[in-house]
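Here is a short report on selected features of one structure. Please look over the sequence and the model first.

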Amino acid sequence: MRLEWRKTGRRPPGPKGHPVIGHVHLLWKDPLHNLLEASRDHGDLVRFDFGPFPYYLVNDVDAVKRVLIDNNRAYVKSRNYEGLKLILGEGLVTSDGELWRRQRKLAQPAFLKRRIDAFGPPIARYAADMADAWEAERGEALDVHEEMMKLTFRIVGKTLFDKDLAHEADAIGPTVSVLIHFANDWAESLLRLPTWLPLPRNFEFRRAMASLDRLVSDIVETRRATGDEREDLLGLLMSATDEQGRMDEQQLRDEVITLVMAGHETTANLLSWTWYLLSRHPETDRALEAELDAVLGGRLPTVEDLPKLELTDRVVRESLRLYPPAWAFERDSIEDDELCGYPIPAGSTLGISPYALHRHPDHWDNPEGFDPDRWLPDAAKARNRFAYLPFGAGPRQCIGLGMALMEAKLVIATLRQRHHLALVPGHRVELDPAVTLRPKHGMRMTVRPRTAPQRPHDQTRPAVAS
């Protein structure tokens, strides 16, 4: 491969690296800063070396489109997804080829809009339960990221299993943190030690994995034993059939674990960063409050209200631009290709970083600024589609896109019309770019109840079956 670069003389530019380990230290130390700096200094296709492995940051919209859509069959999930496979197995996020195509086809009907819309009432109800619990805090500081993790896990329990997992929510946050950081560190290691070795971190990982597996398997086994046929996501996955029949037990396990992890982790991060941005931008926060009062008048939001909550939608989209939960994803080339005028040999790893792409000065004015008006119809329509990829694009675009957006907007509308959230002075907000983009030290905020035009009463809340 190195001989080919010498032969063509067309090697993409990149920062100077260590003679042996290449650029490993740069992307371990501060990947977000160094990806942005490399793109600024070297252009929209930047070469890094991770030891003997070439790695290319792709930050050009046409090249991104080619990788994800036009020539997507020449690219597969990178070797770094092996870390996630330790948790998710061969679920939709990690699988490839015919297995992925079959699983996607089987799962797709569960995410039709009419099915997703049916989850609106329990989402609003569970958010209202949290608003009720916050009434007792009255100015106390809470870790709002932890609160969002609990809430979105409870929502996942209802939408996926038709089960209230409120009692399990306290324990799941630390469990997920262990799994996410272990998978990330393992994937980024040049020497990947087997998880069965008797090491302290391996013990911690196996305990966390056993806890999550036990939770899911108990729910699935109970459903099979009772023979219930429900319209939740689990029921739809269990009954999904194609010419090869239904999913086997391992496939079902992998898809359920994938939905549990992705369905609450990413949405909790989106909500946490949105509360942070609103706290930092009081003029937008006040405008959002006014919109909620005008549209809802103190009652719980419904799916039918969402088209009227225009600013709420723009705030969510701008939060996803600045702090995309999936801050980077990778592909390995299985065929030779050409991007930005440079040959890309088979066996190369390509990284596409929404975090970097969403800050590209060719597509975004004042890229670091928070400006929900970027999402006014005319401005959004004029922008290149591939400059904004919080959910990916192409055949492998996130299957839960519609669910995540609906959930985030209903939660924000429910909580914000009841409470005002303010970042605790001096709280250190730092990005933690592991598998997802988390706030490294949580999000300490004070929660202060406010008086809405009309306080919601129990009889206005949709009934939620236990």
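## A threonine in helix α10

T175 lies in helix α10, which covers residues 166–188. The model is a predicted one. T175 has 12% relative accessibility. That is under the 20% cut-off, so T175 counts as buried.

What does the side chain of T175 reach? At 3.1 Å from the side chain is the backbone oxygen of A171. T175 also touches A208 and S211, leaving aside residues up to four places away in sequence.

## An open sheet of three strands

An open sheet is built from 3 strands. Their order is β4-β14-β11, and the pairing is antiparallel. Which strands stand at the edges? They are β4 (141–143) and β11 (419–423). Each has a single partner strand, so one side of each lacks a neighbour in the sheet. From one strand to the next, the twist averages 40 degrees.

Strand β14 spans residues 444–449. It is joined to β4 by 3 bridges, and the two strands run antiparallel. L142 stands opposite M445 in β14. A helix packs on this sheet: α8, residues 120–135. Helix α8 touches β4, β11 and β14. The direction of α8 makes about 70 degrees with that of β11.

## Aromatic pairs

How many aromatic pairs does the structure hold? There are 9. Among them is the pair of Y276 and Y323, which is edge-to-face. Their ring centres are 6.3 Å apart, with 70 degrees between the planes.

This pair links distant parts of the chain, 47 residues apart. Y276 sits in helix α13 (residues 249–280). Y323 sits in the loop between α15 (310–322) and β7 (329–333). Are these two tyrosines buried or exposed? Y276 has 10% relative accessibility, so it counts as buried. Y323 has 13%, so Y323 counts as buried too.

## Arginines over rings

Two arginine placements complete the picture. R154 lies over the face of Y126, at 3.8 Å from the ring centre. R385 lies over the face of F386, with 5.4 Å to the ring centre.

Key:
Residues numbered from 1 in each chain as written. Predicted model: local features only at pLDDT ≥ 70, side-chain atom pairs only at ≥ 80, totals over all residues. Heavy atoms only, no water. Helix = DSSP H or I, 4+ residues; strand = E, 2+ residues; numbered from the N terminus. Buried < 20%, exposed > 50% of the residue type's maximum accessible area, 1.4 Å probe, protein only. Polar contact = N/O pair within 3.5 Å; in protein donor to acceptor, adjacent residues only side chain to side chain. Contact = heavy atoms within 4.5 Å. Pairing = 2+ DSSP bridges. Axes fitted to C-alpha atoms, helices over the stretch in contact; angles between N-to-C directions. Phe/Tyr/Trp six-rings, centres within 6.5 Å; stacked < 30°, edge-to-face > 60°. Lys NZ or Arg CZ within 6 Å of the ring centre and 35° of its normal.
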